[in-house]
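I opened this entry to record what I looked up on nonpolar packing and charged pairs. The notes follow in the order of the checks.

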Amino acid sequence: MLALQLVCLLATGLASAFQDAGHRWNPPRSGDDRGAVVFLHGMGDTSSGWASLDHMLPSICPRLSTDKIEYIFPQAPVTGITLNGYELVPAWFDLFDWPIDSTSRDDVIGQLNAVCLLEDIVKSLEEERGIPASRVVVGGFAQGAAVAMLASFFRRERKDQPFAGCVCLSGWLPNSWNFPVNEYVAEMTPLLWAHGAYDSKVLFHQQALGVQRLEKEGIDVTTKTYPCAHESYKLQEINDMAEFVDNVLFPKVPQQVATAEFVASVKYLFDQNTDQYNL
């Protein structure tokens, strides 16, 4: 009889118990599932080069559909590249050495300007669309990835909201930006770093060097390696990116949290209804 009463108690009242703020996992409020992905192309490319992400990512993870997620693909300015005899190409900053390795020189001013441009885009998302930085994933390919990481980890101060996540595809962490990452930012902004094992433009060991630096700062880094050169590794890389973005924008309730919340809710429900069911 006691077991039957307890089952009835759970069936009729568990939902109401979860409404008690002290005994439930808080689901997203209305509008909280909105977010944005800002992705920067590489040198010599244009914004349209990666624009297909706005339908490729949702095709893999439906929650990333454009009715919930804004997709923004900024266009780099046309600038003269020292490495190429000052040839004018779309680029986020200048390059002096090729391939990119641990001794490559940095265009710090150009990189800083690109970081500020990205931060302005994120700021406008909040002001015009109501999407805070904490619901924005920034990323990029090659040069664009370098800018995304600098913006994510080296320009976000404690007073600013950290980004939801960062995606680096075949990128590198510029050598000159070698100062501590804010602890709050390190805790709140995970990174996906994907790289081709045979990359001859941004050398593959740049991934290991960059990951080592960032993990020392406490950043949660997921690494992916593909048997390819500098180009994107077809759908596998896009699939890995989609899963990462989906996980950071729509995190799953940890199993231990879900279990603790359930137990607390049952106890609360039992305590509140003991007299009613003569238990």
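For these notes I take buried as under 20% relative accessible area, exposed as over 50%, and partly exposed as in between. The model is predicted.

I began with the charged pairs and found four salt bridges in the structure. I looked up D246 and R63, whose side chains meet in a salt bridge at 2.7 Å, N to O. D246 belongs to helix α7 (residues 234–249) and R63 to the loop between α2 (53–60) and β2 (69–72), so this pair ties together parts 183 residues apart in sequence. I noted that R63 is partly exposed, its relative accessible area being 34%, whereas D246 is buried at 7%.

I turned next to E70 and R129, which form a salt bridge at 3.6 Å, N to O. Since E70 lies in strand β2 and R129 in helix α3, the pair ties together parts that are 59 residues apart in sequence. Both are partly exposed: E70 has a relative accessibility of 22%, and R129 has a relative accessible area of 46%.

I also recorded the salt bridge of R105 with D97, where the closest N and O atoms are 3.0 Å apart. R105 counts as exposed, at 52% relative accessibility.

I then examined the nonpolar packing. The largest nonpolar core has 46 residues, of which V138, M149, F153, L191, W193 and L214 touch the most other members. Elements supplying at least two residues each include β1 (35–40), α3 (108–129) and β7 (191–196). Helix α4 gives the most to this core, with eight residues. I found a second, separate core of 28 residues, among them A142, L169, Y226 and A242.

Key
Residues are numbered from 1 along each chain as its sequence is written. This is a predicted model: local features need pLDDT of at least 70, side-chain atom pairs count only at pLDDT 80 or more; totals for chains, interfaces and linings use all residues. Side-chain values use heavy atoms; hydrogens and water are left out. A nonpolar core is a set of buried Ala, Val, Leu, Ile, Met, Phe, Trp, Tyr and Cys residues joined through side-chain atoms within 4.5 Å. Buried means under 20% relative accessible area, exposed over 50%, partly exposed in between (1.4 Å probe, protein chains only). Helices (H or I, at least four residues) and strands (E, at least two) are DSSP runs, numbered from the N terminus.
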